[in-house]
Amino acid sequence: IHRLLEFDPRTALFGRNEENPLTASTIIVDEVSMVDIPLIQNLLAATPRGCRLVLVGDVDQLPSVGPGNVLRDLIDSRKIRVVRLAQIYRQARESRIVVNAHRVNAGEMPLLGEDAPDFRFVEIEGGEEALAWIKNFLSGEIRERHGLDPVRDVQVIAPMHKGIAGVSSLNKELQALLNPRGEEIRRDDKILRVGDKVIQIRNNYELDVFNGDVGRIAEISPEAEELEVLFGGRRVRYAFARLDELTLAYAVSVHKSQGSEYRAVIAPLLGEHFPMLQRNLLYTAITRGRELVVLVGSKRTVGIAVRNNRIRHRYSFLAHRLRSGDAA
């Protein structure tokens, strides 16, 4: 959306606005649950009169990081035409991923008994045990049993950054396991090596890479003080001075994973993650996997997440203003 609206990072302004609207008869925006109030306001300002705006998203996933709960408010206002999609195309209807996603969304415990081809539950209580199991699984079984590459095809997603089974710890441990040697660059407590899986953590319009883009480090040049990251088929060169924009991505947060899908997902859900155990977080985690989802935790922590459907109120009053006709 920022690119569409021609955002200028130097002025923090959008080139497309009411005075310079977009040229389109229809605009389709996906993953609208991730869109916050300021961004939707700027998009609407740049939408020309007579243009049809189609907003697509899953209201049951995590809300935007920024202010507001745009998609939920639009639906709750009952002033916007809403179409609910019920046909599943990503997996077969009998897929355990699909079944368990629907069960969690309905406030029911997922089926955690016998493993299915695409869904597995590993009952573990503590962070150390969970970390050891994840490392063991990625070092052998993921290839032997599922035919998946542990770096390219698998994404570990965790509810929090802190903790033994948090994003930061997981990244250090998985880097040591999956990419222990090679040309490297050290910055403070961060080590980046050729072959590492990395993620861009903020928008860089000059390099044309954006928050959430995932790539692999292809080259490190100490003489030029640069490293090169391969994003899909595109190579991007970073000066060492910009390495704070990259971080390891063997593990990412559930929030950061939203909007993406992966062949396989491993999601630890432990007592140490208690502050973040919510139904929409568990639902988001399960729906990131396309071929395989592995939950690592206890039935107790899964149950806490399923029962916790408290949606933190965000007082934008958007739904109220739409209902009263005062949303201009």
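What percentage of the 328 residues of the protein chain count as buried? The share that counts as buried is 46%, where buried means under 20% relative accessible area, exposed over 50%, and partly exposed in between, with a 1.4 Å probe and protein chains only.

Before selecting anything, note that this is a predicted model, in which local features need pLDDT of at least 70 and side-chain atom pairs count only at pLDDT 80 or more, while totals for chains, interfaces and linings use all residues. Residues are numbered from 1 along each chain as its sequence is written, and side-chain values use heavy atoms, with hydrogens and water left out.

**The whole chain**

Start with a cartoon of the protein chain, which holds 9 helices and 16 strands; these are DSSP runs numbered from the N terminus, with helices (H or I) of at least four residues and strands (E) of at least two. The radius of gyration is 21 Å, close to the 20 Å that the globule rule gives for 328 residues, so the chain is as compact as a globular protein of that length; the radius is taken over C-alpha atoms, and the rule is 2.2 Å times the number of residues to the power 0.38. Along the principal axes, the C-alpha trace spans about 55 × 55 × 35 Å. Among contacts (heavy atoms within 4.5 Å) between residues at least 6 apart in sequence, 67% join residues at least 24 apart.

**The aromatic cluster**

Next select Phe 7, Phe 14, Tyr 205 and Phe 210, which form one aromatic cluster. Rings of Phe, Tyr and Trp (its six-membered ring) pair if their centres lie within 6.5 Å, and planes under 30 degrees apart count as stacked, over 60 as edge-to-face and the rest as tilted. By this rule the count comes to 4 aromatic pairs. One of them joins Phe 7 and Tyr 205 in a tilted arrangement, 5.3 Å centre to centre with 45° between the planes. This pair links distant parts of the chain, 198 residues apart, with Phe 7 in strand 1 (residues 7-8) and Tyr 205 in the loop between strand 9 (197-200) and strand 10 (214-221). Tyr 205 counts as partly exposed because its relative accessibility is 22%.

Move to Leu 43 in helix 1 (residues 37-46), which counts as buried because its relative accessible area is 1%. Not counting residues up to four places away in sequence, Leu 43 touches Leu 4, Leu 5, Val 29 and Leu 53.

Then pick Gln 258, in the loop between helix 6 (254-257) and strand 15 (262-269); with a relative accessible area of 5%, Gln 258 is buried too. Beyond its neighbours within four places in sequence, Gln 258 is in contact with Ser 33, Met 34, Gln 61, Leu 62, Thr 284 and Arg 288.

**Arg 216**

In strand 10, select Arg 216, which counts as partly exposed at 35% relative accessibility. Leaving aside neighbours within four places in sequence, the contacts of Arg 216 include Asp 196, Lys 197 and Glu 228. For a distance check, Arg 216 and Lys 135 are 81 residues apart in sequence and 20 Å apart in space, C-alpha to C-alpha.

**Helix 8**

Finish at helix 8 (residues 299-307), where Thr 301, Val 302, Gly 303, Ile 304, Ala 305 and Val 306 are buried. To see what surrounds the buried residues of helix 8, show helix 3 (96-105), strand 5 (119-123), strand 15, helix 7 (279-286) and strand 16 (289-297), against which they pack.
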